[in-house]
Amino acid sequence: MKILFLCKELPHSKVVGGPIIVYNRIKYLSNHHEIHLLTFYNLDEEKFFPSLKKYCSRFEAVTFPPPRNFLRNIYDYFFSKTPPYMLKLYSSKFKEKFDEMVKNEKYDCVIAEYSFMGQYLYGNPNIPKETLRIISVHECYTEARLKVFRVKKWSWEGIKAYLHYLRLKKYEFEMYRSVDKILTLTQKDKQILLSYASNLNVNVVPHGVDVEYFKPPPKPSTEKIICFLGNFGHEPNVDAVIYFYREIYPKIRLKMPDVKLYLVGKNPPPNVRLIAEKDPTVVVTGYVEDVRPYLWVSQVMVVPIRLGGGFRGKTLEGLASGLPIVSTTLGVEGLEGKNGEHYLVADDPEEFANQVVAVLEDENLHHKLSLNGRKLSEKFSWQKSVEKLEKILVKLTSERMLQ
């Protein structure tokens, strides 16, 4: 097959967060298929191009569009057919490049990774009829904005989220209905989409992890270090860190004054950096080439996610590294493990703090969660995940040829 991937940010080999899914799909599918990629990128990411070019027969990258100003957003909210939330990643240069590629390359299928990229498929007359159109939904934006409103309520953030929700819900699902296949990362995400539009054609293709790359060290850490891993360009990660630091971390420090907190990931905003500036027990790393040393020196990973949806790759990486996980229910969505056996789940701040302390104090509990979590992660190798995707694509293209 000849496959074109569209991605909202560069899916290189060192990336943290959702784009690592795209990178590995490209990597493993390239063994048997011709892969092309069109992606947005930042200028400082050009050093990562070689990690992708070796898997792509054609590689195209376009810089991110400039932010739309306040007045333009207001105009778009009332008069644009496309919601302002989606227009954040609309670029005429990107669309021109995409249109040229689909006209000239004769793709079997185009996969829009992230719903933002689905807007380039929706209502686009330049895509040949024989080319399959697929949107890989990493999270449902309509549902995500509603979650933000429920958590933030009538704050300015909550009000903005609700206004986005009102514009998104019709457009997003019309966009999904217009394509040949929708992919989600979890069964729950599939059910959420079907609750809005029961006639969608949806398959689940889960996240994966490189189980060899994240193999645990021979001796686990004995330092009382708590780790959070995530791309802070993703709003739910920022919310999770602020929530953890304000509501949970003080309760842990009351019982363990010598504990430390590592916040690992690129693009930490000022309110996250400020935590480390004011609190010497907290380290904010910013972008790191290799996250493993930070995982290996920690004794527990926290995933206090309250917003968003999809599958948390950070959780899988922690499990594969032999790190016990303490998470909200949302943070372990899609894993299908058992609370108390593979990880610990707590949605209340007091209970969350108690679970973290228990892992740090109880060696037997730490060992059990480390061992069982690692075994659970091995069910989610990238090879297995991409094989599932490949079967779906082969079936779709075979059916199209028979039509």
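Which residues make a nonpolar surface patch of about 750 Å²? In this predicted model, the patch is formed by Phe70, Leu71, Ile74, Tyr75, Phe78 and Phe79. Phenylalanine 70, one of these residues, is located in helix 3, which spans residues 70–79. Its relative accessibility is 58%, and phenylalanine 70 therefore counts as exposed, the cut-off for that class being over 50%.

For cysteine 56, which takes part in no disulfide, the nearest cysteine sulfur is that of cysteine 7, at a distance of 11 Å, whereas a disulfide requires a pair of cysteine sulfur atoms within 2.5 Å. Cysteine 56 has a relative accessibility of 10% and so counts as buried, since the limit for this class is under 20%. Cysteine 227, with a relative accessibility of 0%, likewise counts as buried.

Lysine 266 lies in the loop that connects strand 9 (260–264) with helix 10 (270–278). Despite being placed in a loop, lysine 266 is buried, because its relative accessible area is 14% and the class extends to values under 20%. When residues up to four places away in sequence are not counted, lysine 266 touches Glu9, Val15, Glu45, Gly230, Asn231, Phe232, Gly233, Gly286 and Tyr287.

How values were computed. Residues are numbered from 1 along each chain as its sequence is written. This is a predicted model: local features need pLDDT of at least 70, side-chain atom pairs count only at pLDDT 80 or more; totals for chains, interfaces and linings use all residues. Side-chain values use heavy atoms; hydrogens and water are left out. Buried means under 20% relative accessible area, exposed over 50%, partly exposed in between (1.4 Å probe, protein chains only). Patches are made of residues with over 30% relative accessible area and no salt bridge: like charges are joined within 9 Å, nonpolar side chains (Val, Leu, Ile, Met, Phe, Trp, Tyr) within 5 Å. Accessible areas come from the Shrake-Rupley method with a 1.4 Å probe; for residues, only the protein chains shown count as cover. A salt bridge is a side-chain nitrogen of Lys or Arg within 4 Å of a carboxyl oxygen of Asp or Glu. Helices (H or I, at least four residues) and strands (E, at least two) are DSSP runs, numbered from the N terminus. Contact means heavy atoms within 4.5 Å.
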